[in-house]
Amino acid sequence: MDTILNLNMTVEQYAGDVRASLAGKVGKEPVLLLISGGVDSTVVGALLLKALNPDQVHLMYMDTGLMRKDETTHVKASLERLGAKHFHVVYCEDEFLSALKGITDPETKRKTIGDLFITIQEREVARLGLPETCFLAQGTIYPDIVESGDVGKGARVIKSHHNVGSPLVDAKRKSGRVIEPLEKLYKNEVRALGRFLGVADDVLRRHPFPGPGIAVRVLGEVTKEKCDILREADALYMEELKTRTGPSGQSLYDEIWQAFPVLLPIRSTGVAGDTRAYGWVLSLRAILSTDAMTAGVYPFQMKDLLEISARITGSITEIGRVTYDISAKPPATIEWE
């Protein structure tokens, strides 16, 4: 039986306690979960659907334009498998890109995205006719709280997480209307809980994805063009990792705890056919970790790196150069921003 290491209890005990707590706190009130499709929010969705009447659980997915390729389709399918009855898609790419225009500071990006998330959520709740008393559920996990400086007196902010540090989220929390059933868990514990709840393996195996989306993987100003380029690079990178075998016999994707590309705010001179090109620089990131508090660099075989790089530059003409990030955490964080 898997254990929730952070709490020294079995997954079954933890799930039972949380389900009882949710039922007691929420009663028959509706609950809204802002779901990204990643492991954390999907496991929260599974918990809500198990603990409460599915008719009172509303799952809202925001197509922000900052998500992975084909994410809306993937999220809808995974939630339907869990028995969701109310799945709301909000198409708000233009709003997010407009709000981010001209912003280059990482903290300002995160705060802007966090505030807009809640602003749109409140608007959509009103449109759906949900009462103001409805609860807001989030997939906050323990490392999110640590990095946001919310674990004790004198704790320092490493970087704000949109579901922890936003002023509007704080206001919701103070009113007692925020539910964060994973706030004491690390990522490996969340996956163990998800397995117990019947979340599909292909969802639980997904690498972590930041709440602000690829906005924090597009360094500098975020534009639609840059997001589209990075989305394609990410899809190719993940495909390569899933089809290549590592030393353990597993796919590279399963050996690596988290991998993603980062689009740097610089261009580099290159050659395309017989002409001079001036393409974007992409950095690949791949790390090993168990709890996201510390992380080491995945030791790729050079052959894999060379072939992955060649496929990316050969398939995406806007990218002219690929590098590999060899920074551990600490001193670096896992995400660049």
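This briefing describes a sheet with its packed helices, and then the aromatic rings and the charges over them. The model is predicted. Its open sheet is built from 5 strands in the order E5-E4-E3-E6-E7, with parallel pairing, and the edge strands, each pairing on one side only, are E5 (86-91) and E7 (178-179).

**Sheet and helices**

- Strand E3 (residues 31-34) runs parallel to strand E6 (residues 135-137) and is joined to it by 3 bridges, with Val 31 standing opposite Phe 135 in E6.
- Helix H2 (residues 39-51) packs on the sheet, where it touches E3, E4 (57-63) and E6, and its direction makes about 160° with that of E3.
- Helix H5 (residues 106-128) also packs on the sheet, touching E3, E4, E5 and E6, and its direction makes about 130° with that of E4.

**Aromatic pairs**

- The count of aromatic pairs comes to 4, and one of them is the edge-to-face pair of Phe 96 and Phe 117, with 5.4 Å centre to centre and 65° between the planes.
- This pair links helix H4 (residues 93-100), which holds Phe 96, to helix H5, which holds Phe 117, the two residues being 21 residues apart.
- Phe 96 is buried at 0% relative accessibility, and Phe 117 is buried with a relative accessible area of 11%.
- Tyr 142 and Tyr 186 form an edge-to-face pair, because their ring centres are 5.5 Å apart and their planes stand at 80°.
- Tyr 142 is partly exposed at 27% relative accessible area, whereas Tyr 186 is buried at 18%.
- Tyr 298, Phe 300 and Tyr 324 form one aromatic cluster.

**Charges over rings**

- Arg 217 lies over the face of Phe 260, at 3.9 Å from the ring centre, while the charged end of Lys 242 sits over the ring of Tyr 253, 4.8 Å from its centre.

Note on methods: Residues numbered from 1 in each chain as written. Predicted model: local features only at pLDDT ≥ 70, side-chain atom pairs only at ≥ 80, totals over all residues. Heavy atoms only, no water. Pairing = 2+ DSSP bridges. Helix = DSSP H or I, 4+ residues; strand = E, 2+ residues; numbered from the N terminus. Contact = heavy atoms within 4.5 Å. Axes fitted to C-alpha atoms, helices over the stretch in contact; angles between N-to-C directions. Phe/Tyr/Trp six-rings, centres within 6.5 Å; stacked < 30°, edge-to-face > 60°. Buried < 20%, exposed > 50% of the residue type's maximum accessible area, 1.4 Å probe, protein only. Lys NZ or Arg CZ within 6 Å of the ring centre and 35° of its normal.
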